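Biologist: I am new to reading models. Can we take one feature at a time?

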Amino acid sequence: MARFLLRRLGLAVITLVLLSIIAFAASQLLPGDIGRNVLGPFADQHSVDLYNHAHGVDRPVTTQYADWISHFVRGNFGESLQYSGYSVQGLLGPSLLNSLKLAALAFLICVPLSILGGIVAALRLGRPVDRIITVAGLSLTAVPEFVTSIVLIVIFGVGLKWLPVTAQAPSGASFLIQVKYLLLPAMALTMVLFGYIARMARAGTIEALDADYTRTAVLKGLDNRTVLRKHVLRNSLLPTIAVIATQVGYLIGGLVVIEKVFNYPGIGQRIYTAAQNKDFTMLQSGVLVIGLVYLAATLIADLLYSVLNPRIRFGGAE
Amino acid sequence: MSAVAAPAPAPAAGGEARLARRQTLRQLFASKTFLAGVLIVGWWVFWAIVGSHLTPHDPLEQFPDSFARPFHHYWLGTDALGRDVLSRVLAGATSVLKIAPLATLLGITGGTILGLVMGYFGGITDDALSRLIDAVLALPAIVISVTVIVALGNSNTTLIVVIGVIFTPIVARTVRAAVLAERDLDYVSAARLRGERAPYVMFVEILPNVMAPIIVEATVRLGYAIFAVAGLTFLGFGVQPPSPDWSLQIADNYANLAGGSFWWPALFPALAVATLVVGVNMIADGLQQVLDR
Amino acid sequence: MDREDKRRLEEYRSTEAGPIENTLIDEWLDGELDRATFIRRGSMLGLGATFIGTALAALGEAPLAFGANKAAKAGGRIRVGIIPPPTKSLDPYTYADQGGLETGGIAGEFLTRATQSLTLLPELATSWKPNADASVWTFKLRQGVTFQTGQPMTADDVVATFNLLLQPDSGALSAFKGVLSPGNVAKVDDHTVQFKLDTPTASFPYLTSSTTYQAIILPANYVVGSFEKKPQTTGAFKLTSYTPGVGAKYDRYTGWWGGTAPLDGVDVTYYTDDAAVSAALLGGQIDLIGQIQFATGRPLFSNSNVQIFSTRGATHRQIPMRVDLKNPLKDYRVRQAIALTLDRPAIVKTLFAGRADIGNDSPFAPVYPSTDKSVPQRKKDIRLAKQLMAAAGYAKGFSITLTTEQTGEIPQLAQILQRSVKAIGINMKLQILTATAYFAGTQTGPPSGWGNTPWLNAPMNITDWGHRAVPNVILNSALVSKGVWNAAHYSNKKYDAAVKSYTGAIALKDQRKYAKVIETTLLHDTPVIFPYFYNYLAAGSTKVKGYKADALGQVYLSHTSLG
C-alpha cells in the first residue's frame, strides 16, 4: 500500500512539473501586454512600455518561469499584474474557497441522487422507471448548462422569487444562508451531471447484478438486501468513482459559464478574467492550483478505488 | 468501462467477417434507442446538407419586424435583428455538424495513434506519455481553449483544432486500456513471430480488434464536442456572427430570457442542441449495447 | 425687461464681464442661443447661477431651478450592480474603463459637476473665470471641505491632483495634451487655483468636471495605490472595502460638505454577465444597475417594477475606413457608397428602441451646441450608392474584412452593416475579437506609423468611443493628419485648418461656422462613418429616488434615496 502511494505521489510530481510548464506557456501565448490592458487603448505607447518594464514582462521567458516557480513552491504566487498591490494568493484563495463550497454542495446533492437513480434504474431494468430515469437524465444533460441555468433563474428566482438569482451571499452570512444562495447553481450542476453519473452507476449495477459472485451469493441463500449491500453496491460504485474524480476538475476550475451566469466569484472566473487581461501571474498560478486540486482528487479516487477493489491494490497493471 | 469482447482472430476470411457484420447491423436496427437516435441525427444531417436552400426565409435576412412573437407570421418568431428564427434553427445545423464531427475525428485519430503507441510499447514511452496526458487533463479545459483561441485567432479551423487536441488525451486513455487487454493475446505474438514490424502489428492486427470501444468513444465524444462548441461560443470564442449556429443564437439572445419575456430566440436553438445531443447519445447507447458484448 | 434687472445686467457687462462673457451675452441678446444653450455655455464660462438667473430674468425668461433637494427619506443602503468590473487598480488618475470610473465616482468629487444638459454646476469649486482670451482660468475653491481623512481641502491638494493627472502614465493625458502642461497649475492662495493653458480653450472647465472622470480631487499627500485601502476623497461616501472582481462597500461620510446624504451606504457588486445583472434587478437583489443597453437588457424595459434612467449624450461608434491602402476603400466614392447603404433610423430603432441620435458621419453630435444643423442629414440611398460604386469602377462589388470588438451592441451593428452593404455587391467578412485582443499591440511606429494594433490598422473596423462634453478631442485625435487615434489614416489639409480654427474660436457663431466646413468636408470624404450617438441608460427599481443618469456613466448617489 505504501509503495503504491509513494509511486503515485512520485508520478504526480512529474505531472505537476509538466503542468506548470504548460500553464506558463499558455499564458505567454496570449496576445497583448499587461501595460496596454491596464492603461487602456487611449494611453501613450511610452507609458505602456514603462508599465511593462516595471512589471518585468519584457524579461526572457526562462527567467520569468524560473522566478515564478521558485516563489510558487514557497507559497508566494507573486503580485497580480492587473490589480497592482494585490497578491495573487490573496485573490485566488477566497475564489478557490468559493469554488470548493459550490462544488461541495453540488456533490452532496448530485452524487447520492445520481447513484440512487442509477441503481434504481438498473434494478427495474427495462421497466418504465428505468426509461424515465434514463431519458430524463439524458435530456437534462443534453441541454447546454447556460440554458438550464437561466431557466432555473427565471422560474425560481425572478418568477417565484423562492431563491436568490446570484450565488454570492452577502458577506458574513450564516452557513444556511450561504447554502440558500448556492442552491440554484448546485441544482443547475446537478442537472448537468445527473445523467452521466446515473448512467455509469446503472451500467455498473447491471454488470454487478449479472456477475458470478452475485449469483453465488444469491445461491448461498443471502437475502436481496444483503446481496445488494455487500456485493453489488461496491462494484457499481467503482466506475462511478472514476467518473466523479474526472468531474472534480470541471467542478473546480471549469465552471466559467455557471459562475458567469450566477455571478459567482469562483476560481473559474478569476482565471478566465486573467486570461482575458493577460494577467500572467494570476493565470499561471491559478491554472496550476486547479491542476493541483484535480491531481489530489484523482489520487484520492485511486485510493478509494483500490480500497474497494482489492484486486488492484498491490501493484500490477494499472 | 472499456470491456472488450472476446478477441476475434485477426481479419478473418471474408465470409465470416461479413456474416458477423450483418449480424451486428441487424442487432443495431433492432434496438429502438438506436433507431430513434438515427432518425433524429438524420433529420439534422439532412438540414446540415441542405442548409439555407430549403428554409422558408434566408437565415441572414433582416426583416424590419424584430422580436416578432412565434406562432404568428413567423413560425418561431424573429430575433433581435429581425431574422426568422425557424430558418436560423434549421440552417444552424450546418455549422455544428461541420465543426463537431471534424473535431471529434481529429481527437479520435490523435487519441487512437497515441493510445496504440502507449499500449503497445509500454515501458518508458507509456510512463512518459501518461504523465503528459495526466498533466493536460488536469488543466481547466475551458480556460486553455480560450487562451489558445485568443492566441491563434478566432476561426472555425482553430475551434476544430483546439477541441480535437483537448479530446486526444481522453481518447488515448480509453484506447490504451483496450490495447493493453489485446497486447498479450496469441495473434499478436503470432504476428511478431512472423517478423512483422511494430506499425503493422499496431494498425493492422490490433486496431481492428479495438474498433468497438473506439466507435463508442467517438459517439460519446461527439456529444461533448457539441457542448464544447456551445460553451466556447457562449463565451464569445467560437463560431463567428452572422452564422445561424445554434450556440451563437443562444449566446446572443439568452440575456433576454432574464425577464421571461423574449424567450423564443434563445429557447428554440437550445432545444435544437438538446435534440441533437440526445440523438447522438442514443446512437452511442445503441452501439455500446451491441458492440460491447 | 425689468429696470432693475437691466441695470444689473449693464453693471455686470461693464465691470465684471470680459470679452468672452460679453460675446456670450451678445449672442443671447441677438437671439442666436436658445435658453438651454445659454445656460450651458454660461455655466461653462463660470457665469454664476445668480448672474445667469439675472440675465434670464432680464429678458423676461423664467428663472433657473437647479434642482433643489426636496426632503428625501433618509436611511437604507442601496445595492448597486456595476458591469463590467474595474479591470485594474483604482487610482483615479489611471481610470480608463467604465468599472473604474463608476467605482471611484461614488466616493470622489470634482471641481465641477456636469448635469444631463452638460451644464456645469459648482462642486469643489464655487466659481471660475477665464481671462480675456481663455488662456488662463482662475478657480475659486469651496471653503469648509474636508477629506475623509479629516484634513481640510486647500489649493495645494488641487494642484497636486492635477500634477498627477498630467504625468505621462495618467489615463487623462489624452484629454490634457496640448491644452495643459505639467507645472502650469498654480496656487494663488489657499482657496484659489490658476490654470495656465497652452492654447486658449473656451471649454477648459469641462476638463475639471465630472466628464473628465480621472479628475477626482485627492489630498496632496495621496499615495499611489492607496485609493482602495483608505477612504480619502471628499464625497458623501467613504470607500470602506474593495475586493477586485467581486464588489465594494461604501459608508456615509458624516463630514461631507454637502450635509447629510440620505443613504446610509452603498453596496456594489460587480457583474460580468448581462443576464445575471438583469435577473438580479428583476429578482430584487439589487436596486440599481450602473449601465444597461437596450440590446442586452430588453426585459428591463417592459417591467413595471423597473424605471429606466436615460440621458442624451455623445457616446458613439466610429467605423473608420482606411484611405491609404491599395484597395477599393481608397476611393472616396466607395466610402460614400458604403455610408449610403445604412438605414440609420431603422438601426437606431432596432438597437436602441429609438433612444439615440442619428449621426451624420462627423464627430458633431446633435447634442453639441456648436453643431451646425443646417448640413443635410445623409440618408439611405441605394441607387446613388450603386452609381458611385460604378463610377469608381466597382460595379461588381468586392470583398472586405471588418475587424471589431465584442463590446455592447457592436457585433449586432457589424451584422447590420454586413447585410446593408450586400445590396451594393460588397461581400463583407466579420472578424470579431475580444476587446483585449482588439486593442493589443503597439500604437505608434512601423509598419503603418500607427504600430500594429488592430483598431488603428484594420482596413475597416468599428470602435467604441465614450461620451465627451465637447468634440475637440475627437476632431483632433481621430481625424487630423497623423492624429494618434486616426484609424482611417485620413489626411486633409482643409480639414486640419478648419479644426484649428474651430478649436480657437470662442463665440458660438464662429464655432458653428467652422463646424459647417468640417461637417461638409467629412461628408464628402467620409473617412469614418458615425452611425449614431446613443443615450446613456441606467435602470433601477421604482424605490430609487433622486437619481439621474449621467452621459458618461457617473454613478452619483449623494442625493439619492430609497423611497
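Modeller: Start with a sheet in chain C. Strands here are DSSP runs of E, at least two residues, and helices are runs of H or I, at least four, both numbered from the N terminus. Two strands pair if DSSP finds at least two bridges between them. In chain C, an open sheet of four strands has the order 4-5-7-6, with antiparallel pairing.

Biologist: Which strands stand at the edges?

Modeller: Strand 4 (125-130) and strand 6 (185-189) of chain C. Each has a single partner strand, so one side of each is left without a neighbour in the sheet. From one strand to the next, the twist averages 25°. Axes are lines fitted to C-alpha atoms, for helices over the stretch in contact, and angles run from 0 to 180 degrees between N-to-C directions.

Biologist: How many bridges join strand 4 to strand 5 of chain C?

Modeller: Five, and strand 5 covers residues 136-141. One pairing to find: C:Trp128 has C:Phe139 in strand 5 as its bridge partner.

Biologist: Before we go on, how are things labelled here?

Modeller: This is a predicted model: local features need pLDDT of at least 70, side-chain atom pairs count only at pLDDT 80 or more, and totals for chains, interfaces and linings use all residues. Residues are numbered from 1 along each chain as its sequence is written, while chains are lettered from A and ligands numbered from 1 in the order in which they are written.

Biologist: What lies across the sheet strands?

Modeller: Contact means that the C-beta atoms of two residues, placed from the backbone, lie within 7 Å. Helix 6 (residues 155-165) of chain C lies across strand 5, strand 6 and strand 7 (192-196) of chain C. Its angle to strand 6 is about 175°.

Biologist: How many helices and strands are in chain C?

Modeller: Chain C has 18 helices and 20 strands. Its C-alpha atoms fill a box of roughly 70 × 60 × 45 Å along the principal axes.

Biologist: Now two helices in chain B. At what angle do helix 10 and helix 11 of chain B pack?

Modeller: At about 35°, with their axes 8 Å apart. Helix 10 spans residues 211-235 and helix 11 spans residues 246-253. Among the residues that meet are B:Val229 and B:Phe234 in helix 10, and B:Leu248 and B:Ile250 in helix 11.

Biologist: And the contact between chains A and B?

Modeller: The contact takes 38 residues from chain A and 36 residues from chain B. Helix 1 of chain A gives the most to the chain A side, with eight residues.
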